[in-house]
Amino acid sequence: MSDVTRDPRVTVCAAEATAGPVRELVEPRRVQLGESTEVRRLLPSLGRRMVGAWCFVDHYGPDDVAAEPGMQVAPHPHVGLQTVSWLLSGEVHHRDSLGSSVLVRPGELGLMTAGRGIAHSEQSPDPHTPILHGAQLWVALPGEERAVAPRFEHHANLPVLIEPGLRATVLLGELGGALSPGRVHSPLLGVDVALAAGTARTLPLEPDFEHAVLTVGGAPEIDGREVGPGTLLYLGSGRRELPVAAGPESRFLLLGGVPFAEQLVMWWNFVGRSGEEIAEARATWQEEAARRAGGRFGEVPGYEGDPLSAPELPPTPLRPRGRER
């Protein structure tokens with residue numbers, strides 16, 4: 001999934017890690033994507049723009065799409081980031097300009113590295129599972145890594161850490177010796193944690209990371225604070241462990257990483273370092289999409305329909321402003 005809003009906000013991102021543990025609740029902003037999908041946007045927000053290199057977090061569903069087309073996102077471009085597709089229920093057919101054509105299912109990692117430029121589409125297959133539920137996350141690529149060659153990884157078998165009442169699937173990074181095969185470009189952590197009813201456990205953390213938790217089911221207690229579904233709890237840095245507990249059965253995503261030191265400009269589906277870089281990417285996409293020919297972003301084979309057109313750039317210049325909100 002991608003940012004397909006017609007009036008994307010100009011987002012200037014920089015590391016805002018809090019020195020030491022905190023508990024800051026981030027409420028979602030509801031955003032309509034296309035005609036049938038509404039998401040809860042947790043990052044970027046006015047209060048918290050990044051967690052490590054995680055710079056974009058959408059949570060959607062659970063939605064009843066039995067009589068609906070489900071997810072339908074036409075070909076669109078990305079630069080300077082990785083997309084992480086994580087499904088809790090349903091399926092999404094990923095196609096991209098590298099020729100990838102993969103059906104991503106719950107518990108499987110779809111990891112796309114845009115690098116210097118890629119185009120992709122995302123669709124619920126026909127027929128599809130009646131419930132669609134998941135998260136779409138972006139990771140900012142650091143320094144010169146943002147111009148790497150694009151690639152797509154599909155990992156159907158991810159490492160799982162199992163303890164009594166706890167099942168933790170490692171999307172990216174490492175937890176408790178379980179290491180994800182997904183390739184990352186900065187120290188990063190992404191884990192799907194399921195807690196059985198009445199479970200209380202302690203998760204090991206890297207103290208140099210900042211962390212956050214996104215609840216996707218139930219209402220777990222994170223460091224003693226209840227976190228409702230669709231809500232993000234920012235935890236700061238300096239933690240070596242995290243106590244978690246569940247009354248009713250609960251599920252959450254644990255996100256973390258070394259605070260990202262670079263300034264970013266994030267607009268539409270592009271992550272860059274300057275307004276000029278963003279404007280150049282937009283102009284290139286518009287030109288390639290208009291003539292339906294490959295180039296920097298390429299074509300998405302197998303998709304029937306027109307690619308998305310980029311929104312108009314805002315009237316004010318796109319400039320990085322460091323830590324200003």
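## A buried aspartate and its partner

Aspartate 192 has a relative accessibility of 2% and counts as buried (buried is under 20% relative accessible area, exposed over 50%, partly exposed in between, with a 1.4 Å probe and protein chains only). This is a predicted model, in which local features need pLDDT of at least 70 and side-chain atom pairs count only at pLDDT 80 or more, while totals for chains, interfaces and linings use all residues. Residues are numbered from 1 along each chain as its sequence is written, and side-chain values use heavy atoms, leaving out hydrogens and water.

The side chain of aspartate 192 forms a salt bridge with that of arginine 251, at 2.7 Å from N to O (a salt bridge is a side-chain nitrogen of Lys or Arg within 4 Å of a carboxyl oxygen of Asp or Glu). Aspartate 192 belongs to strand E18 (residues 188-195) and arginine 251 to strand E25 (residues 250-257), so the pair ties together parts 59 residues apart in sequence. Strands are DSSP runs of E with at least two residues, numbered from the N terminus. Arginine 251 is partly exposed at 28%.

## Other salt bridges

The whole structure holds 11 salt bridges. One of them joins aspartate 223 and arginine 239 at 3.1 Å, N to O. Arginine 239 is buried, at 8%, whereas aspartate 223 is partly exposed, at 25%.

## The open sheet

An open sheet of 7 strands runs in the order E3-E4-E5-E12-E7-E10-E13, with antiparallel pairing (two strands pair if DSSP finds at least two bridges between them). Strands E3 (29-33) and E13 (151-155) stand at the edges with a single partner strand each, so one side of each has no neighbour in the sheet.

Methods: Helix = DSSP H or I, 4+ residues; strand = E, 2+ residues; numbered from the N terminus.
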